[in-house]
Structures are given as C-alpha cells and as structure tokens.
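The following note is intended for a colleague who is meeting this structure for the first time. Please read the numbered points with the sequence and the model in view.

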Amino acid sequence: MGVEAGTSRAVNSYRDLLVWRAAMELALSCYTATKNFPSSEIYGLTSQIRRSSSSIPANIAEGYGREHRGSFVQFLRISQGSLKELETHVILSGKLEFLERPGVENLLAQAEEVGKMLRAMIRSLQRKQ
C-alpha cells in the first residue's frame, strides 16, 4: 500500500501500520482488564469487550489484505464501529464497577488514540482516490 498516513515509513504489511499496532495494544489491554471480571460475565461483557477489541486490528488487517483502497477504507470504518462498541462496553463496565475509574480512563484514552489514527488514515486514503 506504500507509505503510512502522516509518516514517511514504508509499509510492506499491515503489521507495519502504526494504527494496527496501537489497536493490538488496545486489545491486549482489554484482555488484561477483563481477567478479573465476574465469572458470570464470561459470556456477557467479558466476551463483548474481548470480541470488539480484537475486531479492531483484525478488520484493519483484513482491509489491508484486500489490496483495493476503497475496500480498505470500508474495513477501517468497520474498525471505527467496533471501537465505538468497545468504548460503550468499557463505560458500562465502569458503571457496573467491574472496572475501576483509572482502568476505564486508560482504555478510553487508548481507544481515543486509535480512533484518531483511524480517522487520519481514512482521510489520507480518501484524498488519494
């Protein structure tokens, strides 16, 4: 796909994308944060947070693999949707006191950074169309 938006870094794989790396870190943080959720939530919020967080980098990778700019943008938008879903689950987990406030704030800050990166990449790819 060339050079990553906002950088001069060569991109040879989705694994080279800073946004994919940040999304992977967010997913790892989510898995760690949900380790101590109540066992009754294993099929509830634990599963929802893990699924939505892992969907973000997975869709970035899948879109990159399509090798067509329009498809890539569509998958980046799907990642944005998963990100908003994740934020909602994190906020709910805080309200239910499954996560303490610093944990909620940390995950939301990471999510905000990933969101900014996704928006920047989408804008950059759309300008090239």
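1. Some conventions come first. Helix axes are lines fitted to C-alpha atoms over the stretch in contact, and angles run from 0 to 180 degrees between N-to-C directions. Helices (H or I, at least four residues) and strands (E, at least two) are DSSP runs, numbered from the N terminus. The model is a predicted one, in which local features need pLDDT of at least 70 and side-chain atom pairs count only at pLDDT 80 or more, while totals for chains, interfaces and linings use all residues. Residues are numbered from 1 along each chain as its sequence is written, and side-chain values use heavy atoms, with hydrogens and water left out.

2. Overall architecture. The protein chain contains four helices and two strands, and from the N terminus on its elements run β-β-α-α-α-α. The C-alpha trace spans about 45 × 25 × 20 Å along its principal axes. The radius of gyration, taken over C-alpha atoms, can be compared with a globule rule of 2.2 Å times the number of residues to the power 0.38. For 129 residues a compact globule would have a value near 14 Å, and the 15 Å of the protein chain agrees with this.

3. Burial and contacts in the chain. A residue is termed buried under 20% relative accessible area, exposed over 50%, and partly exposed in between (1.4 Å probe, protein chains only). Buried residues make up 40% of the 129 residues in the protein chain. Contact means heavy atoms within 4.5 Å. Of the contacts with a separation of 6 or more, 66% are between residues 24 or more positions apart.

4. Helices α1 and α4. How do helix α1 (residues 18-33) and helix α4 (residues 101-127) pack? Their angle is about 155° and their axes are 10 Å apart. Angles under 35 degrees count as roughly parallel, over 145 as roughly antiparallel, 65 to 115 as roughly perpendicular and the rest as oblique. The two helices are therefore roughly antiparallel to each other. On the α1 side the contact includes Leu-18, Val-19, Ala-22 and Leu-26, and on the α4 side it includes Leu-107, Val-114 and Met-121. By class, this contact of α1 with α4 has 13 nonpolar, two polar and one charged residues. Here Ala, Val, Leu, Ile, Met, Phe, Trp, Tyr, Cys and Pro count as nonpolar, Asp, Glu, Lys and Arg as charged, and the others, Gly among them, as polar.

5. Helices α1 and α2. The axes of α1 and helix α2 (residues 45-65) come within 9 Å and cross at roughly 165°, and α1 and α2 are therefore roughly antiparallel to each other. The crossing in which α1 passes α2 is left-handed. Among the α1 residues that meet α2 are Trp-20, Met-24 and Tyr-31, and their counterparts in α2 include Ile-49, Pro-57 and Ile-60. The contact of α1 with α2 has, by class, 13 nonpolar, two polar and one charged residues.

6. Helices α3 and α4. These helices pack at an angle of about 165°, with axes 10 Å apart; α3 and α4 are therefore roughly antiparallel to each other. Their crossing is left-handed. The contact of α3 with α4 has 15 nonpolar, five polar and five charged residues by class.

7. Residues within α3. Ser-82 lies in helix α3 (residues 69-95) and counts as buried at 8% relative accessibility. Leaving aside residues up to four places away in sequence, Ser-82 touches Ser-52, Ser-55, Ile-56 and Asn-59. Glu-87 is also placed in helix α3. Is Glu-87 buried or exposed? With a relative accessible area of 15%, Glu-87 is buried. With the neighbours up to four places away again left out, Glu-87 touches Leu-108, Ala-111 and Glu-112.

8. The loop between α3 and α4. Glu-97 lies in this loop and counts as exposed at 68% relative accessibility. Most residues other than glycine have a negative phi. The phi of Glu-97, by contrast, is near 65°, a positive value in a residue other than glycine.

Note on methods. Left-handed = near helix turned anticlockwise from the far one by under 90°.
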